[in-house]
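The sequence and the structure come first.

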Amino acid sequence: GVGIGAAAGSVFAGSVSALAAYFARRVVTPDAEPDQSLEILALVRTAEGSDVILSANKDSTAPGRYSLFFSADTGHARLGEPKGYRLGDGTVTRAVEKIYFGDLSAAARGRFSGIVYDSPEDLDVDYDEVEIPILGGMAPAWFVQGNSEADTWAICVHGRGANRKEGLRAIPTLQRLGLSALLVSYRNDGVAPAAVDGRYGLGATEWPDIEAAIDYAIARGAKEILLFGWSMGGAIALQVADRSRHARRIGALVLDGPVINWIDVLSHQAKRNRIPEAVGRFGQWLLVNKAGRWITGLAAPLDLKILNWVERHDQLRLPTLILHSEDDDFVPIGPSEQLAELNPDMVGLRRFSRVGHTREWNVDPQRWEAEVASFVRSVLDAPRPGGWAATEG
């Protein structure tokens, strides 16, 4: 009996360890293949163009405009509002506004995305393809010249699993404000060179790539930097604001669905994936301890404390606008609420509802653009004696 009990305990401990290891690796490892869980059932010709019929789920039935990436991301189409939802057969019909590339008629599976546009060309703006030197090579970026406030550069930082296309939704607003925009790539995003360990650092290791983008901007005449960050891009932007040698050049942060506290996000993701709490905590332990490196593949353990801006709320000294949905089921709004409550002088939170993760613009672009424009104008109009735009000493 003792032998059987010991064996059972070993099996259980091994199962817990294996699950925690999988969870920890999954958090920091870029996806090898794109998600292909959405069924594409038919492409139907209409008088206006064409409609696509998709399997119905929370994403595919959501209001707003989105992208459909299909056939393992070899195709990309922009979709309009849902036109019809058939509860009986579990399908939804959406108008196809534009096919950027690929053969949608031959596609069987794909994924929904909030990205919407494929390049700045789709917004009818002039732009340059540029390269920013980072550790390991050159990181491609898009530069869109401003006019009235051209020496203020908005640097757009995408989230985990996304790429520089994510920031394109902000371009019309930035153009109206007259700002120049730099939409960057960074290590492990599939566009920029990979890091040596090929792992995400959740913001703790990516921020030097954005520092390099600021170097690039300043060398080309930028006097002030506004950092825009989506999801993990928000965590990266906060690290840049905290650790950059150009901190006096950074005027403000605009964060969409940001990761304010990774501990909270990891705990939420464990629950969302029905991982026992103890297993989730062990997974976090593997991420932050040297002993876990051989499991996670990280070159160095992560310091989740420096990524926790709820605890560090008093250290955030830049005007910060947070746009976050109460219905975000990937990065919960709770830490954003806490940061705004604990540091009301610096942080303003604008709540959205009925919106998925970083899809506030998709559902209500007029409000998103109005909130961002109002905030940025307040930053640009603020007195700055020796402040944000001053040259580093």
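Contact here means heavy atoms within 4.5 Å. The model is a predicted one.

In this model, Leu182 touches Val130, Ile132, Ala141, Trp142, Phe143, Trp153, Ala154, Ile155, Cys156, Ala213 and Tyr216, leaving aside residues up to four places away in sequence. Leu182 belongs to the largest nonpolar core, which has 68 residues; together with Ile155 and Trp262, Leu182 touches the most other members. A separate second core holds 50 residues, including Leu54, Ala107, Leu177 and Ala181. Nonpolar side chains tend to be buried together in soluble globular proteins.

Six strands form a closed barrel in the order S1-S2-S5-S4-S3-S6, and their pairing is antiparallel. From one strand to the next, the twist averages 45 degrees. Strand S3 (residues 66-70) and strand S6 (residues 109-113) run antiparallel and are joined by four bridges. Leu68 has Phe112 in S6 as its bridge partner.

Arg169 sits in the loop between strand S9 (149-157) and helix H2 (171-177). Is Arg169 buried or exposed? Arg169 counts as buried because its relative accessibility is 2%, and the cut-off for buried is under 20%. The side chain of Arg169 has polar contacts with backbone oxygens, among them these two:

| Side chain | Backbone oxygen | Distance |
|---|---|---|
| Arg169 | Glu166 | 3.3 Å |
| Arg169 | Thr358 | 3.1 Å |

Leaving aside residues up to four places away in sequence, Arg169 touches Gly114, Ile115, Val116, Tyr117, Trp230, Thr358, Arg359, Trp361 and Asn362.

Technical notes. Residues numbered from 1 in each chain as written. Predicted model: local features only at pLDDT ≥ 70, side-chain atom pairs only at ≥ 80, totals over all residues. Heavy atoms only, no water. Pairing = 2+ DSSP bridges. Helix = DSSP H or I, 4+ residues; strand = E, 2+ residues; numbered from the N terminus. Axes fitted to C-alpha atoms, helices over the stretch in contact; angles between N-to-C directions. Core = buried A, V, L, I, M, F, W, Y, C linked by side-chain atoms within 4.5 Å. Buried < 20%, exposed > 50% of the residue type's maximum accessible area, 1.4 Å probe, protein only. Polar contact = N/O pair within 3.5 Å; in protein donor to acceptor, adjacent residues only side chain to side chain.
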